[in-house]
Amino acid sequence: MLSYRHAFHAGNYADVLKHIVLCKSLEYLIQKPRSILYIDTHAGAGQYALHSKQSTKTDEYKNGIGALDFSCLAESINSYRDIVKPIFSAGYYPGSPLLAAHMLRQQDKLRLFEMHSTDYPLLEQLFANDRRVIVNDSDGYHSLKALMPAKQARAVVLIDPSYEVKNDFQLVVDAIKQAHRRMSAVHIMLWYPIVDRQRVDRLMKNISGSGIRDIWRFELGMETDTHGYGMTGSGMLVINPPWVLADQMLELLPLLAKQLVTDSGYYTIEQLVAE
Ligand SMILES: C[S@@+](CC[C@H](N)C(=O)[O-])C[C@H]1O[C@@H](n2cnc3c(N)ncnc32)[C@H](O)[C@@H]1O
């Protein structure tokens, strides 16, 4: 049974990084008219009340979206800012499916997977009137495999597990390899936590040794790695990114780091495998 609830963490610094990379990628891809299939393998509830019992218990958003001063960030943050600002002002934070639904167009389709018995109905309800969206309570990894290759010429996948299942680090590698084998042009974004650096290094090694090309990673660390308990940072691994993404992150990440991380914090931009 799944116990993780994203409501405790929504809007934290990890969400900010993840969602900026997502919005920047979609912003580029929607410039061409051909339709896109967006797949969110671990979709969450779609939207989170920041006054909820869960959110106020951790107050994590205060060190994420709550600490961002958009006026000091580069213009390239605009698509994320324009969606998040009004929702945040109303006391909520948008999850990845809602951000994607805002970014995408009428000709695009969204397939969302969420297995938690509380979050699935919330997600379903949120998109009940959006004909572009199909919500399922099935396993996101298996469903991704079944959807590849997509009927649409272009597909964008966000894989954002809670890593509460021990073998999630292996499952994400298998899912990425299978999806890429079936559709080599697929754009894949994988979120990963930095709790144990060795585990992250193994993940990078497994993906960069898979034969897949054009892989980047963008990391934001709140503090230097420790052997202690808990997450000290997070990253986004991106396969087949829009060619402009690395330059945009090169401009944005130092500014984000300045606002969000401690003195011992850091950011990383690395091309793991060339095109
Ligand atoms: C980190 S949260 C997702 C947050 C969301 N992507 C966002 O950015 O707003 C991970 C979610 O995955 C769900 N989940 C865990 N294992 C799953 C699986 N195998 N298939 C689909 N959903 C799963 C959890 O219930 C949880 O809601």
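**Close-up views of a predicted model**

**View 1. Ser 76 lies in the loop that runs between α2 (53–58) and α3 (78–89).** In this predicted model, Ser 76 has a relative accessible area of 13% and is therefore buried, the cut-off for that term being under 20%. Once its neighbours within four places in sequence are set aside, Ser 76 is in contact with Lys 24, Glu 251 and Leu 252. With Glu 251 there is also a polar contact, side chain to side chain, at 3.3 Å.

**View 2. Thr 41 is placed in the loop between β1 (36–40) and β2 (47–49).** Its relative accessibility is 2%, so Thr 41 counts as buried. Not counting residues up to four places away in sequence, Thr 41 touches Phe 113, Gly 140, Leu 144, Val 157, Leu 158, Ile 159 and Asp 160. The side chain of Thr 41 is also joined to that of His 42 by a polar contact of 2.7 Å. Met 222, by contrast, is 181 residues from Thr 41 in sequence and 26 Å from it in space, C-alpha to C-alpha.

**View 3. The ligand sits in the largest pocket.** It is surrounded by 22 residues, of which the closest are His 42, Glu 114, Asp 139, Gly 140 and Asp 160. A polar backbone atom of His 42 is 2.8 Å from a nitrogen atom of the ligand, while a side-chain N or O atom of Lys 18 is 2.9 Å from a ligand oxygen atom. From Ser 96, a backbone N or O atom lies 2.9 Å from an oxygen atom of the ligand. On its own the ligand has 610 Å² of accessible area, and the protein covers 97% of this.

**View 4. A cis peptide bond leads from Met 148 to Pro 149.** The omega angle of this bond is near -5 degrees, and Pro 149 is found in the loop between α6 (140–147) and β6 (154–159). Most peptide bonds, in general, are trans.

**View 5. Tyr 163 and Asp 214 have positive phi values, though neither is a glycine.** Most residues other than glycine have a negative phi. For Tyr 163, which is found in the loop between β6 and α7 (168–182), phi is near 55 degrees. With a relative accessible area of 13%, Tyr 163 is buried. For Asp 214, which lies in the loop between α8 (197–208) and β8 (215–221), phi is near 60 degrees, and at 11% relative accessibility Asp 214 counts as buried.

Key
Residues are numbered from 1 along each chain as its sequence is written. This is a predicted model: local features need pLDDT of at least 70, side-chain atom pairs count only at pLDDT 80 or more; totals for chains, interfaces and linings use all residues. Side-chain values use heavy atoms; hydrogens and water are left out. Helices (H or I, at least four residues) and strands (E, at least two) are DSSP runs, numbered from the N terminus. Buried means under 20% relative accessible area, exposed over 50%, partly exposed in between (1.4 Å probe, protein chains only). A polar contact is a pair of N or O atoms within 3.5 Å; within protein, one must be able to donate a hydrogen and the other to accept it, and residues adjacent in sequence count only if both atoms are side-chain atoms. Contact means heavy atoms within 4.5 Å. A residue is near a molecule or strand if one of its heavy atoms lies within 4 Å of it. Accessible areas come from the Shrake-Rupley method with a 1.4 Å probe; for residues, only the protein chains shown count as cover. On a 1 Å grid over the protein atoms alone, a cavity is a set of points where a 1.4 Å probe fits but cannot get out, and a pocket is an open set with protein on both sides within 12 Å along at least five of seven lines; lining residues have an atom within 4 Å of a point. A molecule sits in a cavity or pocket if more than half of its atoms lie within 2 Å of its grid points.
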